[in-house]
Each structure stands twice: as C-alpha cells, then as structure tokens.
Amino acid sequence: MTGIMNQIQDWEHHQSLDRDCTTLSRHVLEQLQSFDSSAQDLSAIMNRIALAGKLIARRLSRAGLMEGALGFTGTTNVQGEAVKRMDLFANEVFISVFQKSGLVCRLASEEMEEPYYIPENCPIGRYSLLYDPIDGSSNVDVNLNVGSIFSIRQQEGDDPEQTGSDLLQDGHKQLAAGYILYGPSTVLVYSIGQGVHAFILDPSLGEFILSAENLKIPEHGSVYSVNEGNFWQWEESMRDFTRYVHRHEGYTARYSGALVGDIHRILYQGGVFLYPGTVKQPSGKLRLLYESAPLAFLIEQAGGKASTGVMPLLDYVPTELHQRTPLIIGSRKNVDLVDSFIQERTRLELERKAVS
Ligand code: FBP
C-alpha cells in the first residue's frame, strides 16, 4: 500500500510543482507551440504586462499609506475627465516596462491624446499596445476593485503623422487581449485567440501562476450589470430590457463601477454588462480600442458575445483613436435577449414610419 501512496504523493507533488512553474510567459509559448521569434516576442510582451500588473498592484495595496498616491492630479485627459494620480502612475508604468525592450514600438492609452513612441524599439518592435491603465478610476480612492485592460496589435505601416491611424481597425485584428483585476487577489486573464486563461499573482513568488485554463462563460446568467442611474437617458429599447428583468424572476443587479470587475464576475457566473448610449453621450462612455474591443475579444473566446446594439462589437471599425461605443457584453443568451429588445423597437419604429 505505501508504495502506491508514495507514487500518488509523487504524482501530486509533480502536478503542483508543474502548476507552480506554469508562468504566463511559459503558458504563451505552450499555447503557440513554437519557440520562433514571434512566439518569443508575444511571450516577452505578456511578461512585461505582468510586470506592470505587479507594480500597479503593489502601489494600490500601499496607496492609502503613501503621500500623494491617491487623489487627483488637477489635470484633465483627452476624454475631458479629471485625471487620478493612480491613472498617471499606472500609465507611466506600462511605458516604463517596455522601454529598451525591442518589442513594442508604440503605446496608446486612455491617458494620452496621441500614441507614445519608443523610438529605440522601432523598427524592430513589431507590436503596438493599447491599454486602459486604470479601469474603474472612480473606485481607486475608496479602495474598491479596479483593473487594467490591454490589447496587442501588429504594427502595420509607418504612421508618418504619428496619430495611430493604422490602429483604426476592427477588433478581429487583435493578436492578444486581456485584463488585470486588482481585487482581493490580483488576477490576470488573457487570450491570444486560443481560449481564455486566468493567472493569479502569488505574492510569495512574485509570479502570476496558472489558476484556470480554457474558461467558458455560462450560456446564460442571472446577473445584469448596468448603471440604472442613466435610465431616463436611454433609448426605449434599453428601458424595455430593464423593465423586463425587473419583472421577471431569476435576475439580479450587480454593478461595481469598474468594467473589469463586472466582466470578471460575468465570465465566471454568466450574465450581461451594458453601457448603452445616452442622450448626452449617444456613443456611450466606454472606449472601443482599449476597453470594449479587448474585452469583446476575450468574452467571444470564452463562448460569449459582444454587441454595440447594432453590430457585433469586433466588427466595429473606429474612425478615431479614443472613439467611444455602446457596449452589450456577456453570455450568449443574455446578449441575444438585450438585442431582441433593440430589434423589436426598430421593427415598431419602421412600422410606425410605414403607416405615418
Ligand atoms: P475609466 O476607465 O475612466 O475608469 O472609465 C470606465 C468606467 O469607470 C468603467 O470601468 C465603468 O464600468 C464605468 O466607467 C462607470 O461609469 P459610470 O460611473 O458612468 O457608471
């Protein structure tokens, strides 16, 4: 008996050791089943994104004890939003981790009007990084969960005006995308187009360790996540959907104020997140290239769906770098339900026009 027990213990030991050694960079190479230069590059880029996540997680965990880590900078960003000190810190962290890397030639983020170039990385750096350094900024100063969102695209063309015009492409063109959730534990979830995988930061190792592979979002979930404070600013179709979930058993509202936190819950438990257009902002609030498209890439890889309300979100081609878009994202059946209210209103509108 003891022989068998030792073998099982050995096997379990190897299993946990193998898991503890499945770092992000190794997992990317395993996914790509290649050690060629582009595989090595993507693995190295993911490793640098992980480093950015560790630096931001460390700052967040001690921010309340540090002078000048929280609060506002007194400036506004290209979106016209007041900039938080943590937004600026996190934005600079992403730039710093790619200095002298030969990997990423250009970075574009919510906090920068124009793309940021790292000349020493160009022309060998064949990638661009688009990112939201701190998603859920309104949560930072009250110690609630926030996130970082990232998307990696191929550097195509020279972009002589340095405006990032070649980045204005649909979401299918993303090579990889994901987010980092700074919550009770720090979690990094990513996809390179071969399923969705989650890693948890093990502070004792300082490494992101594989926690779940090939995550699949439930077909349907009870959660709906939307800021109902905008109810009277929405189109009738969105109000119809909200009235429906209010009147039907089996639905529950969850809204954290941080898109990444709400998407993470929906990825694991199912449901739908919505940020519709409003009277004030017909295109909604969320940015296409570095908030909605990366999360749509991820959720569709997990078997879910993402829509603008008019078309699949990944088909949407932006006309400017900081373009906003309405977002409906989550479990297939939940997104289809929301879309059905939009189609019904459109049908009624056409009918009304036809008889008038
Ligand atoms: P930031 O990236 O500037 O934080 O904006 C995005 C966001 O905070 C999302 O994380 C969140 O879902 C949404 O805006 C909250 O907006 P509102 O306060 O209008 O509901």
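Asp41 is buried, at a relative accessible area of 16%; buried means under 20% relative accessible area, exposed over 50%, and partly exposed in between, with a 1.4 Å probe and protein chains only. The residue sits in helix H3, which spans residues 37-62. Helices (H or I, at least four residues) and strands (E, at least two) are DSSP runs, numbered from the N terminus. Beyond its neighbours within four places in sequence, Asp41 is in contact with Leu103, Arg126 and Tyr127, where contact means heavy atoms within 4.5 Å.

This is a predicted model, in which local features need pLDDT of at least 70 and side-chain atom pairs count only at pLDDT 80 or more, while totals for chains, interfaces and linings use all residues. Residues are numbered from 1 along each chain as its sequence is written, and side-chain values use heavy atoms, leaving out hydrogens and water.

Strand E5 covers residues 127-135, and nine of its nine residues are buried, so the strand is largely enclosed by the rest of the structure. Two strands pair if DSSP finds at least two bridges between them. Strand E3 (residues 104-109) runs parallel to E5, joined to it by five bridges; in this pairing Ser109 stands opposite Tyr131. Strand E6 (residues 146-154) pairs with E5 in the antiparallel sense, over seven bridges. There, Asp135 has Gly147 of E6 as its bridge partner. In a regular strand the side chains alternate between the two faces of the sheet.

Within H2, the residues Leu24, Ser25, His27, Val28, Leu29 and Gln31 are buried. The buried residues of this helix pack against H3, strand E8 (186-191), strand E9 (197-202) and E10. An α-helix has 3.6 residues a turn, so residues three or four places apart point the same way.

H2 is followed by Gln33, whose phi is positive, near 45°. Most residues other than glycine have a negative phi. Asn214 is not a glycine either, yet has a positive phi of about 50°. Its place is the loop between strand E10 (207-212) and strand E11 (223-225). At 45% relative accessibility, Asn214 counts as partly exposed.

The chain as a whole has eight helices and 15 strands. Its radius of gyration is 21 Å, close to the 21 Å that the globule rule gives for 356 residues, so the chain is as compact as a globular protein of that length. The radius is taken over C-alpha atoms, and the rule is 2.2 Å times the number of residues to the power 0.38. Along the principal axes, the C-alpha atoms fill a box of roughly 80 × 60 × 45 Å.

Of the 356 residues, 52% are buried. Among contacts in the chain with a separation of 6 or more, 63% come from residues 24 or more positions apart. The accessible surface is about 16,400 Å², and 52% of this surface belongs to carbon and sulfur atoms. The chain carries 31 positive and 44 negative side chains, with the centres of the two sets 4 Å apart. Lys and Arg count as positive and Asp and Glu as negative, without His and the chain ends.

Notes
Areas by Shrake-Rupley, 256 points an atom, 1.4 Å probe, with all protein chains shown as cover. Charge placed at Lys NZ, Arg CZ, Asp CG, Glu CD.
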